[in-house]
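Hi there,

Here is the structure I promised to pass on to you. Please open it alongside this email, and then read on for what I found.

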Amino acid sequence: MFSKLRYLVPCAVLAAAVALLPAQPALAQKKSAFKVCWSIYAGWMPWGQIHSSGLMKKWADKYKIKVEIVTISTTWRALISTRLGLTTAVR
């Protein structure tokens, strides 16, 4: 009997924690400005096209945000600038 109870209590606590998890408020801040950097890499090339065609500006204006797209010469520089907080995202 005791061995079953030993496993039942932690399972009940875990189930209660998981049930209450969605009730937590979102911790993300609302942002209105983003800085995205990209480098010459096959998967990131659409960011340059989106920027030069004006498509990003169109969608940024629609959602009332500011998006700055910056080209960085190498991938490792892009990753470092994101880590230092100079850019919002690396793509």
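Aspartate 61 and lysine 57 are about one helical turn apart, because they sit four residues from each other in helix H3. The two form a salt bridge, and their closest N and O atoms are 2.9 Å apart. When you look for others like this, note that the structure holds one salt bridge. How exposed are its two partners? Lysine 57 counts as exposed, because its relative accessibility is 54% and the cut-off for that word is over 50%. Aspartate 61 has a relative accessibility of 46%, so it counts as partly exposed.

Before you go further, please keep in mind that this is a predicted model.

Now stay with helix H3, which covers residues 55–62, and follow the chain into the loop between this helix and strand E2 (66–71). Two residues in that loop are worth a look.

Tyrosine 63 is placed in this loop. Is tyrosine 63 buried or exposed? With 53% relative accessibility, tyrosine 63 counts as exposed. Tyr63 also takes part in a nonpolar surface patch, together with Leu55 and Trp59. The area of this patch is about 330 Å².

Lysine 64 counts as exposed, because its relative accessibility is 71%.

- The secondary structure of the protein chain comes to four helices and three strands.
- Along the sequence, these elements follow the pattern α-β-α-α-β-α-β.
- The protein chain has 91 residues, and 16% of them are buried.
- The accessible surface of the protein chain is about 7700 Å², and carbon and sulfur atoms account for 67% of that surface.
- Take the contacts between residues at least 6 apart in sequence: 70% of these join residues at least 24 apart.

Best wishes

Definitions and conventions: Residues numbered from 1 in each chain as written. Predicted model: local features only at pLDDT ≥ 70, side-chain atom pairs only at ≥ 80, totals over all residues. Heavy atoms only, no water. Patch = residues over 30% accessible without salt bridge, like charges linked within 9 Å, V, L, I, M, F, W, Y side chains within 5 Å. Areas by Shrake-Rupley, 256 points an atom, 1.4 Å probe, with all protein chains shown as cover. Salt bridge = Lys/Arg side-chain N within 4 Å of Asp/Glu carboxyl O. Buried < 20%, exposed > 50% of the residue type's maximum accessible area, 1.4 Å probe, protein only. Contact = heavy atoms within 4.5 Å.
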